[in-house]
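Hi,

Here is the structure I promised to send over. Have a look at it first, and my notes follow below.

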Amino acid sequence: MSSLTPASPAAPEPPPGSPVGNPAAEAVLTEAGEEVHTARTLADARPPAEEEILAVRDLTVSFPTDDGLVRAVRGVSYTLRAREVLGIVGESGSGKSVSSMAVMGLLPRGARVEGSILYRGRDLLTLRPRERRSLRGRKIAMIFQDPMTSLNPVRSIGDQLAEAVLAHRLVPRRQALARAREMLDLVGIPQAERRLGSYPHEFSGGMRQRVMIAMAIINDPDVIIADEPTTALDVTVQAQILEKLLEVKDAVNAAILLITHDLGVIAGMAHRTLVMYAGKPVEVGRTDEVFYRTRMPYTAGLLGSLPSLDGARGERLRPIGGTPPSLINLPAGCPFSPRCPLADAACREREPDLVPDGGDAGHLAACHHSDRLAAAEDPTAFFAAAASAPPANDPASNDTASNDTAEEA
Ligand SMILES: Nc1ncnc2c1ncn2[C@@H]1O[C@H](COP(=O)(O)OP(=O)(O)O)[C@@H](O)[C@H]1O
Ligand code: SF4
Ligand SMILES: [Mg+2]
């Protein structure tokens with residue numbers, strides 16, 4: 001076995017200067033424990049430029065409901081540079097989709113949004129609806145998890161792609177169709193000319209997702225938001241689609257926000273990684289930093305729950321016990337404290353800020369005890385220790401044994 005997803009921080013140090021900085025560049029090891037090799041990797045992709053395309057600042061999104069205010073996104077900030085791939089990872093319900101829908105301007109009516117979303121310096125949250133619509137699908141495009149919900153089943157692929165062009169440009173239909181064919185070619189659909197006349201149901205899942213990629217890039221966007229783009233696909237197809245995403249990003253010079261619940265997908269794909277928990281970023285940095293110099297227990301928990309590289313294939317190491325907190329009634333202090341093996345009284349008192357970890361300038365973590373992770377040889381081991389020896393009836397401690405109360409907290 002040559003190079004693999006760095007599921008364990010005990011893996012060898014990445015070679016200096018490598019684009020992702022970790023040996024994952026040639027393979028993706030998915031949650032299912034299957035290793036899929038991708039021919040094209042970040043190492044082949046063009047590096048990010050300095051230019052900032054998107055700057056999200058202190059974004060908060062909440063939804064008033066009958067049960068109370070759902071605080072889905074509680075202060076998300078990040079910057080996306082031209083051609084950069086930023087991975088956003090976190091368990092289901094951590095606010096990944098809601099924060100990206102805010103960028104797209106597709107939140108349901110009633111959502112309360114604060115902060116700013118600067119696209120090339122202009123705050124999208126202050127734009128008029130018409131201006132917003134004009135950017136959507138043209139400069140900022142989205143690929144959803146399930147193409148069937150985004151494609152119209154009764155219209156041909158060619159029609160739908162051409163329409164995406166015509167929605168933003170005054171060109172003859174013939175020209176729009178030519179662009180559609182060019183895009184199908186680019187995303188690797190054989191016999192593109194003929195397939196323009198096909199309907200979505202005539203394509204396999206992977207092919208439909210390629211069509212969605214074609215749709216996303218057809219107007220040369222600056223930003224592609226890919227929300228769990230491969231979750232519904234089998235692992236081989238998943239690798240091909242991810243590879244294709246990297247390829248098209250360079251073809252149209254776009255940056256990608258790659259959203260996933262699977263850290264294994266991020267490994268060979270993202271220049272930088274932002275880990276979200278309970279609506280907030282809890283660790284962010286270059287992907288190699290986040291994987292190899294983990295400073296937040298939740299990230300360590302995610303790494304530890306990836307399948308073992310040296311153990312049996314597909315075997316999960318140690319899933320994080322418990323469930324994410326209610327976003328209506330967040331626990332006091334650090335929201336991860338009910339599940340964190342390192343939690344103490346200070347953790348339950350005050351939510352930690354996202355601060356520099358003291359090493360790489362862009363590496364930030366939100367944890368009162370990140371120094372303990374820095375000192376640990378293998379931060380994922382904290383979870384193993386908690387699982388094997390839960391402190392009994394100790395109200396001052398918080399561990400997997402107290403997870404039952406996580407939702408009530
Ligand atoms: N329209 C809505 N009304 C109330 N709650 C919502 C709405 N949309 C999303 N949420 C809640 O916001 C939280 C974050 O959701 P989401 O961003 O979709 O999570 P994920 O990280 O899985 O993409 C979840 O708890 C979800 O239930
Ligand atoms: S602040 Fe405390 S509870 Fe939160 S992640 Fe760090 S150690 Fe765990
Ligand atoms: Mg989601």
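Strand S5 (residues 85–89) and strand S10 (residues 255–260) run parallel and are joined by 5 bridges; strands count as paired if DSSP finds at least two bridges between them. S5 is also joined to strand S11 (residues 272–277), again in parallel, by 4 bridges. Gly-87 stands opposite Leu-258 in S10 and opposite Thr-273 in S11. Helices (H or I, at least four residues) and strands (E, at least two) are DSSP runs, numbered from the N terminus.

Before going on, some ground rules: this is a predicted model, in which local features need pLDDT of at least 70 and side-chain atom pairs count only at pLDDT 80 or more, while totals for chains, interfaces and linings use all residues. Residues are numbered from 1 along each chain as its sequence is written, and chains are lettered from A and ligands numbered from 1 in the order in which they are written.

Back to S5: 5 of its 5 residues are buried, so the strand is largely enclosed by the rest of the structure. Buried means 20 or more other C-beta atoms within 10 Å of the residue's own, exposed means 12 or fewer, and partly exposed is in between, with C-beta atoms placed from the backbone. Val-85, Gly-87 and Val-89 point one way from S5, and Leu-86 and Ile-88 the other way. In the whole protein chain, 49% of the 409 residues are buried.

Leaving aside neighbours within four places in sequence, its contacts (C-beta atoms, placed from the backbone, within 7 Å) include Leu-86 and Ile-88.

Finally, the ligand. There are 14 residues around ligand 1, and Phe-63, Ala-72, Lys-96, Ser-97 and Val-98 come nearest; the cut-off is a C-beta atom, placed from the backbone, within 6 Å. Helix H1 (96–104) is one of the elements that supply at least two residues of this shell, and its 3 residues are the largest share.

Happy to hear your thoughts!

Conventions: Contact = placed C-beta atoms within 7 Å.
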